Amino acid sequence: MINVDVSQRRKFFAHGNVYLPHVVTIEKIVEETYDTKTFYFNFKDKRLREEFTFEPGQFALFSIFGMGEAPFAISSSPTRRDHLECSVRQIGRLTNAMHRLGVGAEMGFRGPYGNGFKLDLFEGKNVIFVAGGIGLSALRSLIWDVIDNREKYGRMDIIYGARSPADLCFKYDLDTWETNEAINMITTVDRGDENWTGRVGFVPQVLEQVAPEPNDAVAVVCGPPIMIRFTFPVLEKLGFSPEQMVTTLEKRMKCGIGKCGRCNIGNLYVCRDGPVFTYAQIKNFISGEY
Amino acid sequence: MAGNKKINKRDIGKLLNEWNQGFTVFVPSREDKVTAFAKWDGVNISFMEWHRNTVIPPKTNFFPLMEEMFSFREEEDGYHTELPSSDKHKQLIFGIRPCDAKALSILDMAFKEGYEDPYYLSGRKDSLLVALGCTNPYDSCFCASLGGGPFDSTYVDIMLIDIGDELLIEEVTNAGRELIARTAGLEKVTEVDEARAKEVKKSSYNKVTRKINTEGIQKKLQACFEDKDFWEKVSAKCLSCGICTFLCPTCYCFDINDDSFKKQGARFRSWDSCAFPIYTRMPMENPRSEKWRRVRQRVCHKYEFFPTDFDVIACVGCGRCIRQCPVNWDITEILNNLPAKA
């Protein structure tokens, strides 16, 4: 039996065809770091600007016509609807080409895909966000959603790390969260520089030092695979059960809808059953990889 | 079945000509020494003498090696996309084997589940499968171990049984019955014909000698998922050439790419294979860079993961992956020798 039912997911197909992209225009570009940019998009189709909605944690397939498609998390919050944001690290062929695009350029967009975060799992709980590098972009949507509905949740911790101060993304968000009294914001870097006065240390180690209480809590983890792999054991040590650990995964994808085959972990497809999983769902496969 | 009809083999050409009116008829054909299904040329019926399944499975009729998904062009007001024209004719696949028909039913599940795949399903809709039972299975065939058989008619519209100079025609579905009802020149069968057909079926079934034991196969695979030594041993000779996946009637993995020149182009999809390291490669990591993980993925997808999702093993025992493998990799050998959990 298939674990997910996509019939309830919001669908915005172009001409009824799930593979046909909508045309979106780049409205603004924010330079996050030396290798990461956040693109602000809007639909060319005015009706879609009104109608399009998604869940935090869902992703979309972005494409440059003639170059190809790749999946990216929608990093803006569904509570802020005037445009869509997506943060892209310059790392492969398509992302390099995206970084050469300017404001006004058009791209293809199809989505939203994936399950997103189950908000009812978090409501009334303390939420601990653990993110590394560009991984924060996949949690940012949920973080803003939680902030915009702050009364529904308990304590809120954000532990965010990057390789160096120059690799920290969303600095403008970090500053806002830092000054927000309802958030315990901890920023760390693997290696500081001469100007860095903040914390130094790998994310899993810092998490162990901060030692959030597991009672009535959910930990949401996203970052490079190596960080995720070292973070789960720390959470287990702190007393979190596998059901209390949530992550959002990234795999090579082509279709985004559970057909093309490559993003599976066992019988689960990251695009169809994920990208959000509890550790309980994937731990049997993650030890020996997949 | 008293209502069954028959046709003399030399009249097959006439029959196909008639069917070619309402359908586009595809038959087994040979091109560059490789057999595959191709549009009937209106003359050649030599495939009637092959008695063997094609090298390339008829999944190509609905899921071609490469197909355009849409075209795009850049104009002054930006990009425009256009879907390919959908004037697909209704396809009649003549001479499909029971295993390949079952394989299509498996692809149907994969392409229908969740988000529907419009390209595959539009071709499958209204297609008709006229199967030719296998009187001469290969040594490498093991359909009987997977609930099928050389004359399994579960997934076909019409089943043809070779009873010598003639083909006995069994109507299976309503669509098949309707087609036969409006087909001219068919003769009624005699009791002798029916007895002969029964005999042919039985003796053909007995020719499928290769067996696998599918009992508890999912559990067995789960138990040895982490057994790196086992998977390394069974994948040692694999060349990662991917031929087993390309020729597999139930493999449906694909890649999506763009092609463009100046201001216009197309997005197309093409077959891909879990045997290739780049299939899962990302800029920073590759979960299946090692060969044993890819071989494990292929075996487990068919016998563990797909059955978890759809309650059916995604293998029909056609034996192509055994026959066509350049290094004689043999999935039945692996499945019959899974390590018992210590």
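In the predicted model, Met245 of chain A is buried, because 25 other C-beta atoms lie within 10 Å, where a count of 20 or more is the criterion for burial. Met245(A) belongs to strand E12 of chain A, which spans residues 245-248. Apart from residues up to four places away in sequence, Met245(A) touches Ala219(A), Val221(A), Phe232(A), Leu235(A), Phe240(A), Thr278(A) and Tyr279(A).

Strand E12 is part of an open sheet of 7 strands in chain A, in which the order is E10-E9-E8-E7-E11-E12-E15 and the pairing is mixed. The edges of this sheet are formed by strand E10 (199-200) and strand E15 (276-278), each of which pairs on one side only. Within the sheet, strand E7 (residues 126-132) and strand E8 (residues 156-162) of chain A are paired in the parallel sense over 6 bridges, and Ile128(A) stands opposite Asp157(A) of E8(A). Helix H6 of chain A (residues 203-210) packs on the sheet, where it touches E7, E8, strand E9 (184-189) and E10 of chain A, and the direction of the helix makes about 150 degrees with that of E8(A).

The largest nonpolar core comprises 160 residues, and those with the most contacts inside it are Phe129(A), Val130(A), Ala219(A), Val220(A) and Ala131(B). Helix H2 of chain B (residues 98-112) supplies the largest share of this core, namely 8 residues. In soluble globular proteins, nonpolar side chains tend to be buried together. When neighbours within four places in sequence are left aside, the contacts of Phe129(A) are Leu139(A), Ile143(A), Asp157(A), Ile158(A), Ile159(A) and Val220(A). Ala219(A), one of the residues with the most contacts inside the core, is also among the residues touched by Met245(A).

In chain B, strand E7 (residues 128-132) is mostly covered, with 5 of its 5 residues buried. From E7(B), Leu128(B), Val130(B) and Leu132(B) point one way, whereas Leu129(B) and Ala131(B) point the other way, and all are buried. Strand E7(B) runs parallel to strand E6 of chain B (residues 91-96), to which it is joined by 4 bridges, and Leu128(B) is the bridge partner of Leu92(B). Strand E7(B) also runs parallel to strand E8 of chain B (residues 158-162), in this case through 3 bridges, with Met159(B) in E8(B) as the bridge partner of Ala131(B).

At the level of domains, chain A is divided into domain 1 (6-113) and domain 2 (119-248), and the centres of the two domains, taken over C-alpha atoms, are separated by 25 Å. The contact between them involves 16 residues of domain 1 and 14 residues of domain 2 of chain A. On the side of domain 1 that touches domain 2, the residues divide into 5 nonpolar, 8 polar and 3 charged. Between the chains, the contact takes 36 residues from chain A and 36 residues from chain B; the side of chain A that touches chain B has 16 nonpolar, 11 polar and 9 charged residues.

Key. Residues numbered from 1 in each chain as written. Chains lettered and ligands numbered in written order. Predicted model: local features only at pLDDT ≥ 70, side-chain atom pairs only at ≥ 80, totals over all residues. Pairing = 2+ DSSP bridges. Helix = DSSP H or I, 4+ residues; strand = E, 2+ residues; numbered from the N terminus. Contact = placed C-beta atoms within 7 Å. Axes fitted to C-alpha atoms, helices over the stretch in contact; angles between N-to-C directions. Domains from an automatic or database assignment. Nonpolar A, V, L, I, M, F, W, Y, C, P; charged D, E, K, R; others polar. Core = buried A, V, L, I, M, F, W, Y, C linked by C-beta atoms within 7 Å. Buried ≥ 20, exposed ≤ 12 C-beta atoms within 10 Å, placed from the backbone.
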